[in-house]
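Me: I would like to learn how to read the helix packing and the cores of a protein model. Please take me through one.

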Amino acid sequence: MTKVKTYFPTAFKAEGIQLTPEFKKEHQLISSIQINVSDWLFNQIQSGNIKEITNQYITFHNEVWPGWSGKDLAGKQLSAWHPKKLSLRHLKLHPDIQNIYKKHIDFDVKNINQSRLDDVLWKVVENYKSFFQRNKKSTKRKISLKTHKALNWKNGGIWIDIPEKYTIKLSTLEKKKFLYLKYKKDVYNNSDFIDYTSSQGKGGNISFKGMYENDDNFLVIQIVEEKDIQVYKRTIGIDINKKDSQWITFSEDVFKKKQRAVAKPDKIQQLTKQAKSFNGYLLKDKKKLNSKQRNKLHKRKLRLERKLKIAIQEEVYKTLDYFSAKYKNKFNLSIDDIGFGAQKSFGQEYIREACIKWSKKNSIAFVICPPKHSSSACPNCGEIHKQERKLLNSYVCKSCGHFHPNCDELGAENIAKFGHFLLENIGISSSSKTKQIVIDSTHKLYKAHAKAPDSNKKIKPKLETIYIKALDKQFFDSSSR
Ligand SMILES: [Zn+2]
């Protein structure tokens, strides 16, 4: 059975960090190495040695260095390597780069933590990547590395050591040596949400407010949690609607009634109305209010939105718990995507958020399904017919005559079908629309869908584009039928 990689971006914020002398020493070491590597890379670009920098490789015009034969530091032959390319894992093998880090470390080279070293080195390459792409062949000046503002642990190496003890554990450039930092406050109260027992730790960014000031330092770790989740044969589709009577429609009956829609409860209707009028008021009276008044109103608005969010979550959890009991958690969810930035869509984004939160809690695979054609595609023949929904909410296919009494239910069914296809064939799910797919998974996509799998040139297409492309190809592309 298939498993999908699911991404859950979580921000963990710790305030009142106490930086230790050991941390400052490590920071100094990393900065020195990165600055030297930056100089080196800049010179390589300036001398025209570099052809391309992508997420995966630095490609040179010629052999990376004379005699590069694909051997690792221990002299073992690597299975995948290219004479003109350096990847994340190969950069540390370059003789110039070896000279750089050997110059700075004060411990035995044998004890170097190689994956941490990869992280530290590749961070510099990432900084040059977009710069190089923008400016093509010439860069006039070096990129100044902002090592005093942030340190990056991309591929793991951060642990919340023991949540109750308010300690963060960090990997260092030296094998089996760790740094421990105390903090005073877990701002979002989610440190126990982060799996601190995993052997690899979490990847993330640590940003400093003031590197060497005593008190007000804070760390923000943006952690993208990754979980492999089982995909089952049953996918339940969720259609989100503006109409109060068809607020959330499922692709199957809910609560043992012969009914698939959940109407918006009165309490939520009230809260939505309040939030709407409040927002209108805030926008309209912009000029008349001073900043103090505005701040006060803004705070009230936030409180109201929070209330609404909680109420919606309660409602969503009730229905999902019903399915959970009915199918013993053996199903997937396909959730309607809703437009962003729509001022009118009060609370609809909270439905999606609640579904995702619930899925995470229950280890249910989910997919955010783009809304394109979900309520206008005929499930019988696949043709697209937009329906006139102001008078009647039923569906009639102009091509084959297929009839469905309810467009929202049809939408939920289509969302279930499309979502199931995406989960099974692309094998990737995401809780954030803008989260970009990792290269590894795009290969899967290209294999399944692309005409020309020249994948190295295409860098991380956005999820939405990928989803829509895949759906179009499968369900709406007339040539494939
Ligand atoms: Zn039809």
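Me: How many helices and strands are there in the protein?

Reply: Helices (H or I, at least four residues) and strands (E, at least two) are DSSP runs, numbered from the N terminus. The protein has 9 helices and 18 strands. This is a predicted model, in which local features need pLDDT of at least 70 and side-chain atom pairs count only at pLDDT 80 or more, while totals for chains, interfaces and linings use all residues. Residues are numbered from 1 along each chain as its sequence is written.

Me: What share of the residues in the protein is buried?

Reply: A residue is buried if 20 or more other C-beta atoms lie within 10 Å of its own, exposed if 12 or fewer, and partly exposed in between, with C-beta atoms placed from the backbone. Of the 481 residues here, 30% are buried.

Me: Which residues touch the most other members of the largest nonpolar core?

Reply: A nonpolar core is a set of buried Ala, Val, Leu, Ile, Met, Phe, Trp, Tyr and Cys residues joined through C-beta atoms within 7 Å. The largest has 42 residues, and those touching the most other members are Ile-238, Ile-351, Cys-355, Phe-366 and Leu-422. Helix H7 (residues 407–425) contributes the most to this core, 6 residues. A second, separate core holds 37 residues, among them Ala-14, Ile-17, Leu-86 and Ile-97.

Me: At what angle do H5 and H6 pack?

Reply: Axes are lines fitted to C-alpha atoms, for helices over the stretch in contact, and angles run from 0 to 180 degrees between N-to-C directions. Helix H5 (residues 291–327) packs on helix H6 (residues 348–362) at about 50°, and their axes are 9 Å apart. H5 is therefore oblique to H6; angles under 35 degrees count as roughly parallel, over 145 as roughly antiparallel, 65 to 115 as roughly perpendicular and the rest as oblique.

Me: Which residues of H5 and H6 make the contact?

Reply: Two residues are in contact if their C-beta atoms, placed from the backbone, lie within 7 Å. H5 supplies residues including Leu-308, Ile-312 and Val-316, and H6 supplies residues including Ile-351, Ala-354 and Cys-355.

Me: How do H1 and H2 lie relative to each other, roughly parallel or roughly antiparallel?

Reply: Helix H1 (residues 21–46) and helix H2 (residues 95–104) have axes that come within 9 Å and cross at roughly 155°, so the two are roughly antiparallel. On the H1 side the contact includes Leu-29, Ile-33 and Trp-40, and on the H2 side it includes Ile-97, Ile-100 and Tyr-101.
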